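User: Hi! Could you walk me through this one? I'd like to start with how the chains meet.

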Amino acid sequence: MVAYGIHTEEAVLIEAAKTGDQEAFRQIVERYQGAVYNLAYRMLGTPEEAEDAAQEIFVRIYRQLGRYDMERKFSTWTLAIATNYCIDQLRRRRMQFVPLQNIIPWARARESGPEGEALSSESRDEMQRLLKRLPEKYRAPLVLRYWEELSCAEIAEILGVPEGTIKTQIHRARKQLGKMLEGAEERQDALSRV
Amino acid sequence: MRCRECESMLWVYLDDELPEGERRAVSSHLAGCPRCAQALDQLRAFPLQAARLHVVPPPPDFTARLMQRITPLPTPQELALQRDRPGGWQGPLGMAVAFSAAAAAIFLGLLSTAALALAGGQRLPLEFGNSASGIANAIGAGVAVALWQHLSWAVIITLVGMVATLTILWFRVVTPRH
Ligand SMILES: [Zn+2]
């Protein structure tokens with residue numbers, strides 16, 4: 001791609017980090033923390049969970065770095081660890097009791113009065129609300145495709161499924177999101193008319 | 001082109017990633033099919049432009065807090081060597097738990113087979129004893145795999161399956177005698 005120079009610079013950092021250069025690892029973290037944190041935020045839903053997950057993911061990356069194969073693209077390798085961790089968290093979560101407002105949309109809507117507006121940046125992020133309502137299996141392909149801007153082939157490699165499956169999942173996810181968004185806009189129109 | 005086929009290509013069409021021939025086929029189908037045209041509008045209604053997909057930054061102290069956890073760890077190379085050696089921690093512990101669960105399941109299976117034989121007041125035919133312990137073995141292996149992988153629904157389903165199998169065995173062999 002464009003960045004042969006960046007690639008080799010990154011390779012040097014990785015080699016250094018492998019042998020215990022913590023400053024090199026810190027620089028790798030700085031490069032990828034945005035991508036990893038964002039992925040976790042979009043997949044898991046809240047900033048708190050996203051931060052815990054992102055911390056854990058980087059510890060895993062550090063632990064597995066010694067076995068990283070320099071032939072693989074580092075960003076794909078990193079996002080694969082991150083995605084698999086988040087999928088695992090979602091799976092675990094299904095085993096536990098979930099707070100009411102995570103299941104019932106209106107339980108949260110009730111809280112946001114006039115002063116509730118400024119509560120969190122999360123509530124202002126419409127896409128985040130829609131993502132939360134999307135079936136979990138669609139989240140990873142969609143987030144990787146549109147927030148992390150990976151190709152369908154790379155996503156297929158990360159999730160270990162055929163590329164055709166990824167395309168179908170993204171198609172269905174977009175369709176569903178489109179419908180939700182239309183619904184949301186109709187409701188908003190109705191409100192503004194009152 | 002059929003509607004089904006058209007619909008499956010719509011998002012690739014929107015992203016302008018279709019080969020020329022297919023792109024033209026989809027366009028001409030859309031021109032004559034209100035249903036697919038509406039589906040396309042629905043897809044368009046979901047905007048994936050960068051403006052709406054704003055990236056949320058991690059908290060400012062993220063790296064500092066992470067490095068506090070990284071500092072005490074051995075180097076990644078040392079960690080890789082440790083993992084290659086048989087040993088480590090999580091793996092063997094998980095295995096031990098899984099295998100004792102499996103052993104317990106097999107034992108339970110054999111015990112119940114014996115109990116059934118006693119309750120029935122006679123020796124069971126050989127094939128029955130074999131198939132019962134075979135089932136118990138399979139169940140045990142299933143529990144082992146499930147536990148080793150994750151503690152999840154798989155474990156619960158396996159355990160329920162185990163109980164169900166033993167219940168069926170009990171009613172089929174013991175009840176007819178009373
Ligand atoms: Zn059509």
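User: How much area do chain A and chain B bury between them?

Analyst: Chain A and chain B bury about 4,600 Å² between them, with 61% of it on carbon and sulfur atoms. Buried area is the accessible area (1.4 Å probe) that two parts lose on being put together, summed over both. This is a predicted model, where local features need pLDDT of at least 70 and side-chain atom pairs count only at pLDDT 80 or more, while totals for chains, interfaces and linings use all residues. Residues are numbered from 1 along each chain as its sequence is written, chains are lettered from A and ligands numbered from 1 in the order in which they are written, and side-chain values use heavy atoms, leaving out hydrogens and water.

User: And how many residues are in contact?

Analyst: 50 residues of chain A touch 43 of chain B, contact meaning heavy atoms within 4.5 Å.

User: How many salt bridges between them?

Analyst: Two, counting a side-chain nitrogen of Lys or Arg within 4 Å of a carboxyl oxygen of Asp or Glu. A:Glu51 pairs with B:Arg65, their closest N and O atoms being 2.0 Å apart.

User: Switching to the metal: what holds the zinc ion?

Analyst: Its protein donors are B:Cys3 (SG), B:His29 (NE2), B:Cys33 (SG) and B:Cys36 (SG), at 2.0 to 2.3 Å. Donors are N, O and S atoms within 2.8 Å of the metal (3.2 Å for Na, K and Ca); water is not among the atoms, so sites may look incomplete.

User: What about the spacing in sequence?

Analyst: The donor residues follow C-x25-H-x3-C-x2-C.
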